[in-house]
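User: I have a protein model open and would like to go through it. Can you help me read it?
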Amino acid sequence: MFIFSLTYLKPINKVEKHLPQHIDYLKRYYQSGHFISSGRKVPRIGGVILCRADSHDQAMTIIQEDPFYIHQIAKYEVIEFIPTKYVEGFDIFL
């Protein structure tokens, strides 16, 4: 399991210019079963994605397809973790 923590490098108007393509990217990875949850940071300085991937390399490949990555809109912190405690029903994501 991975947490992608995005921090914007560009002003919001540049972020919003690439937002439709970023949303398409999110949809594609939700459909593939890799993304579990995502959303904006508060204040709006970036976002967070909870990702299921088989390896760090696969997680990095997924990130590299994000238009925010391609156009250098955001920088990414990648945190790998092993879920050991979780709410009932979350195990379907493991």
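Analyst: One term to begin with: contact means heavy atoms within 4.5 Å. Also keep in mind that this is a predicted model.

User: OK. Which residues does histidine 18 touch, leaving out those up to four places away in sequence?
Analyst: Histidine 18 touches Phe68, His71 and Ile73.

User: Where is histidine 18 found, and is it buried or exposed?
Analyst: Histidine 18 sits in helix H1. It counts as buried because its relative accessibility is 12%, and buried means under 20%.

User: Let's zoom out. How many helices and strands does the protein have?
Analyst: There are three helices and four strands. Read from the N terminus, the elements go β-α-β-β-α-α-β. The radius of gyration is 13 Å, close to the 12 Å that the globule rule gives for 94 residues, so the protein is as compact as a globular protein of that length.

User: What box do the C-alpha atoms fill?
Analyst: Taken along the principal axes, the box is roughly 40 × 25 × 20 Å.

User: And what share of the residues is buried?
Analyst: Of the 94 residues in the protein, 35% are buried. The accessible surface comes to about 6,100 Å², and 55% of that belongs to carbon and sulfur atoms.

User: What share of the contacts with a separation of 6 or more comes from residues 24 or more positions apart?
Analyst: Such residues account for 69% of those contacts.

User: What does UniProt list for residues 1-81?
Analyst: The UniProt record, an unreviewed entry, lists "domain: YCII-related" for residues 1-81. In the model, that stretch is 40% helix and 32% strand, with its end C-alpha atoms 6 Å apart.

User: New topic: salt bridges. How many does the structure hold?
Analyst: The structure holds two salt bridges. In one of them, the side chains of arginine 44 and glutamate 16 meet at 3.1 Å, N to O. This pair links distant parts of the chain, 28 residues apart: arginine 44 is in the loop between strand S2 (35-40) and strand S3 (46-51), and glutamate 16 is in helix H1 (residues 12-31).

User: Is arginine 44 buried or partly exposed? And glutamate 16?
Analyst: Arginine 44 is partly exposed, with a relative accessible area of 26%. Glutamate 16 is partly exposed too, at 41%.

User: Which residue forms a salt bridge with arginine 28?
Analyst: That is glutamate 65, with the closest N and O atoms 3.6 Å apart. Arginine 28 lies in helix H1 and glutamate 65 in the loop between helix H2 (56-63) and helix H3 (67-70), so the pair ties together parts that are 37 residues apart in sequence. Arginine 28 counts as partly exposed at 40% relative accessibility, and glutamate 65 does at 32%.

User: Last topic, the rings. How many aromatic pairs does a search of the whole structure find?
Analyst: The search finds nine aromatic pairs. One of them is tyrosine 30 with phenylalanine 35, an edge-to-face pair at 5.9 Å centre to centre, with 85° between the planes.

User: Why does that angle make it edge-to-face?
Analyst: The planes are 85° apart, and planes over 60 degrees apart count as edge-to-face.

User: Is phenylalanine 35 buried or partly exposed? And tyrosine 30?
Analyst: Phenylalanine 35 counts as buried at 4% relative accessibility, whereas tyrosine 30 counts as partly exposed at 34%.

User: Which residues form one aromatic cluster?
Analyst: The cluster consists of Phe4, Tyr25, Tyr29, Tyr30 and Phe35.

Notes:
Residues are numbered from 1 along each chain as its sequence is written. This is a predicted model: local features need pLDDT of at least 70, side-chain atom pairs count only at pLDDT 80 or more; totals for chains, interfaces and linings use all residues. Side-chain values use heavy atoms; hydrogens and water are left out. Rings of Phe, Tyr and Trp (its six-membered ring) pair if their centres lie within 6.5 Å; planes under 30 degrees apart count as stacked, over 60 as edge-to-face and the rest as tilted. Buried means under 20% relative accessible area, exposed over 50%, partly exposed in between (1.4 Å probe, protein chains only). A salt bridge is a side-chain nitrogen of Lys or Arg within 4 Å of a carboxyl oxygen of Asp or Glu. Helices (H or I, at least four residues) and strands (E, at least two) are DSSP runs, numbered from the N terminus. UniProt positions are given in the numbering used here, feature names are shortened, and annotations may be inferred rather than shown by experiment. The radius of gyration is taken over C-alpha atoms; the globule rule is 2.2 Å times the number of residues to the power 0.38. Accessible areas come from the Shrake-Rupley method with a 1.4 Å probe; for residues, only the protein chains shown count as cover.
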